[in-house]
Amino acid sequence: MQPEIESFAAALGKASRAADNTVSNYRRDLCDFRRFLLERGAALASAGDEVEPEAITTDHIRGYLSEAMKTLSRATVQRRLFAIKAFFRWRESMATPASAAVASPARALRSPRAQRRLPAILPEDDVRRLIEADSEDGGPAALRDRAILETLYSSGLRVSELVGLNWRDVDDEVGMVLVRSGKGNKDRMVPIGEPALDALKAWRRAMPKAWELDGPVITNLRGGRLTTRAVENILAQRIVAAGLGSSITPHGLRHCFATHMLNAGADLRSIQEMLGHASLATTQRYTHVSVNHLKEVYRRAHPRA
């Protein structure tokens, strides 16, 4: 099997033009699979200690993946199965009528479902500290940064949606923001709180250039629309200023918005609408955070918890 692994890796690098890391990872994964089979005496040739690919069965692969799941992440196990599948597809493509390869034993195997992890979220008090950090500085940059954080947390916007806002999209009277989402091309109306509206008004008064209805809400100090990367940098600086030990991204503030709303009793369907999720299943990722919160409240409050 080892010579075939080397031939497969060489072919992958040339024909598929795969990245060097991909070729290296696939080769290492296949060598690890071979080692697993040798250690267990499975699929060995009668003439020596070498694995015969034709003797490998679906059960051998399943056993290998099951063992890997005990110590490795799902993403790593996924990649190892991809490598095995790619290896056997390559063998099938290289087979001739005179030496037809056995059908891939990995064909029927499904990858383990990827773990969907939510970014770390901040407690409500830490979000307050983050938003109010350096609030005594009344300069335009500080007012803009406060408006950015207030709006992200108040409405759960994606950072791309925030920087895409125009003043026409902000309705001061009814307290709503029209979010023009590039994801799924579905615009939506999202509530925005009074503190965020006040922060936006303060920033509008301090903007270096006169604002226009069709002009950007969030700009740099020269009047140009701010980039998503610039917002990320601003947030990183505010975390330091607030003295928080945890880091968080703009998307993490979106998760704070959803989790804190859910903990306070908001229903999933409403949160789904505000976040702009096409499927309720996507929003349901937040329920495990809420369940943990409820269990902690129960543990602290119930006399026989």
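Visitor: Why is Arg-79 counted as partly exposed?

Guide: Its relative accessibility is 25%. Buried means under 20% relative accessible area, exposed means over 50%, and partly exposed lies in between, with a 1.4 Å probe and protein chains only; Arg-79 therefore counts as partly exposed. The model is predicted: local features need pLDDT of at least 70 and side-chain atom pairs count only at pLDDT 80 or more, whereas totals for chains, interfaces and linings use all residues. Residues are numbered from 1 along each chain as its sequence is written, and side-chain values use heavy atoms, with hydrogens and water left out.

Visitor: How do you know whether Asp-29 is buried or exposed?

Guide: Asp-29 has a relative accessibility of 1%, so it counts as buried.

Visitor: What makes the pair of Asp-29 and Arg-79 a salt bridge?

Guide: A salt bridge is a side-chain nitrogen of Lys or Arg within 4 Å of a carboxyl oxygen of Asp or Glu. The closest N and O atoms of Asp-29 and Arg-79 are 2.8 Å apart, so the pair meets that definition. Asp-29 belongs to helix H2 and Arg-79 to helix H4, so the pair ties together parts that are 50 residues apart in sequence. Helices here are DSSP runs of H or I with at least four residues, and strands are runs of E with at least two, numbered from the N terminus.

Visitor: Why are H2 and H4 called roughly perpendicular?

Guide: H2 (residues 20-39) and H4 (residues 74-94) pack at an angle of about 90°, with their axes 9 Å apart. Angles of 65 to 115 degrees count as roughly perpendicular, those under 35 as roughly parallel, those over 145 as roughly antiparallel, and the rest as oblique. The two helices are therefore roughly perpendicular to each other. Axes are lines fitted to C-alpha atoms, for helices over the stretch in contact (heavy atoms within 4.5 Å), and angles run from 0 to 180 degrees between N-to-C directions.

Visitor: What is the separation of Arg-146 and Glu-150 in helix H6?

Guide: They are 4 residues apart, which means about one helical turn. Their side chains meet in a salt bridge at 3.0 Å, N to O. Arg-146, at 23%, counts as partly exposed, whereas Glu-150, at 8%, is buried.

Visitor: How do you know that the length of helix H8 agrees with expectation?

Guide: The expected span is 1.5 Å times one less than the number of residues. For the 13 residues of H8 (residues 194-206) this gives 18 Å, and the end C-alpha atoms are 18 Å apart, which agrees.
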